Amino acid sequence: MDNKGFQGGTSNDVELGPSEKVTSSSGPVMGYRVDPNPEGPGCCAIILTIVSYLLIIATFPFSLCMCIKVVQEYERAVIFRLGRLLKGGAKGPGIFFVVPCLDSYRKVDLRTVSFDVPPQEVLSKDSVTVSVDAVVYYRVSNPMAAVCNISDFSHSTRLLAATTLRNVLGTKNLAEILSERESISHNMQSSLDEATDPWGVKVERVEIKDVRLPVQLQRAMAAEAEAAREARAKVIAAEGEQRASRALKEAAEVINESPAALQLRYLQTLNTISAEKNSTIIFPVPVDIIRHYMNK
């Protein structure tokens with residue numbers, strides 16, 4: 001079917017197949033299959049209509065309490081007269097008129113509704129069991145389709161959201177589920193919006209709330225991460241010692257070229273030790289004396 005949603009106009013034909021056309025008293029409604037051989041109102045319908053209008057006139061102005069209805073700015077009223085959709089589409093916002101005993105109506109809220117998808121136990125592509133929950137935001141975009149095409153669009157949307165969550169996550173690895181939440185939410189939103197379009201429902205947003213892993217898997221991942229951090233720390237410490245040894249080698253070569261530099265370094269070390277408050281006693285011994293005995 002190419003027609004989407006309720007479209008106003010003078011034509012009442014709805015194409016349901018290559019060789020089948022049906023008509024509705026209120027115009028085309030997407031996906032709503034009506035009687036292929038529509039008939040006009042019968043004698044009983046005409047008599048009931050006349051009697052209802054006579055009762056309204058006879059009980060005027062008290063009948064206005066039963067005939068005048070009000071819907072809010074965020075609501076629409078879908079009216080059925082003797083079981084048939086009334087021409088003109090959904091009524092509202094404001095005041096509209098109904099005929100008692102003939103008309104029945106149903107209010108549809110157009111505001112955005114949010115609901116939590118219960119946690120779903122999902123087996124990922126790499127055979128890891130995770131528990132994932134989400135939140136879905138939707139609204140009714142076509143009141144006529146929401147009333148005529150499905151009995152309970154809210155409950156059906158909730159069930160479809162839970163099924164879609166399992167189907168989408170079943171094609172992902174654990175690493176993708178943890179790192180690609182935005183793309184998963186976008187895929188879920190597209191799938192839900194396409195599936196609920198014949199129901200007159202527009203899925204505006206889907207968000208993944210939480211991904212729960214098994215306790216044993218959490219411990220294994222934590223041990224793996226800790227081992228990786230320790231390995232990196234050891235590598236960094238080894239690289240630091242290697243750089244320090246190279247620096248000490250260069251410093252020793254410089255001091256070896258000038259014996260006075262070694263004596264100055266010796267005095268600087270004594271100055272550093274004496275600056276601190278300690279009970280260390282130092283006896284400085286000239287290096288030349290030790291070298292003299294060593295040569296002998």
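Buried, on this tour, means under 20% relative accessible area, exposed means over 50%, and partly exposed is in between (1.4 Å probe, protein chains only). Your model is a predicted one, so local features need pLDDT of at least 70 and side-chain atom pairs count only at pLDDT 80 or more, while totals for chains, interfaces and linings use all residues. Residues are numbered from 1 along each chain as its sequence is written, and side-chain values use heavy atoms, with hydrogens and water left out.

**Stop one: cysteines**

Select Cys 148, which is buried with a relative accessible area of 15%. Then hop to Cys 67, buried at 0% relative accessibility.

**Stop two: aromatic rings**

Rings of Phe, Tyr and Trp (its six-membered ring) pair if their centres lie within 6.5 Å; planes under 30 degrees apart are stacked, over 60 edge-to-face, and the rest tilted. That rule gives two aromatic pairs here. Colour them by accessibility and you'll find Phe 96 buried at 7%, whereas Tyr 105 is partly exposed at 32%.

Now select Phe 115 and Tyr 138, an edge-to-face pair with 5.8 Å from centre to centre and 65 degrees between the planes. Show the cartoon too, with helices (H or I, at least four residues) and strands (E, at least two) taken as DSSP runs numbered from the N terminus. Phe 115 is in strand E8 (residues 113–123) and Tyr 138 in strand E9 (residues 129–140), so the pair links distant parts of the chain, 23 residues apart. Both partners are tucked away: Phe 115 is buried at 5% relative accessibility, and Tyr 138 is buried at 2%.

**Stop three: a charge over a ring**

Click Arg 111 and Tyr 74 together. Arg 111 lies over the face of Tyr 74, 3.8 Å from the ring centre. To qualify, NZ of Lys or CZ of Arg must be within 6 Å of the ring centre and within 35 degrees of the ring normal.

**Last stop: helix H4**

Select residues 153–169, which make up the 17 residues of H4. At the start of H4, a side-chain oxygen of Asp 152 comes to within 3.3 Å of the backbone nitrogen of Ser 154. Along the helix, the buried residues include Phe 153, Ala 161, Leu 165 and Leu 169.

Conventions: The expected span of a helix is 1.5 Å times one less than its number of residues. A polar contact is a pair of N or O atoms within 3.5 Å; within protein, one must be able to donate a hydrogen and the other to accept it, and residues adjacent in sequence count only if both atoms are side-chain atoms.
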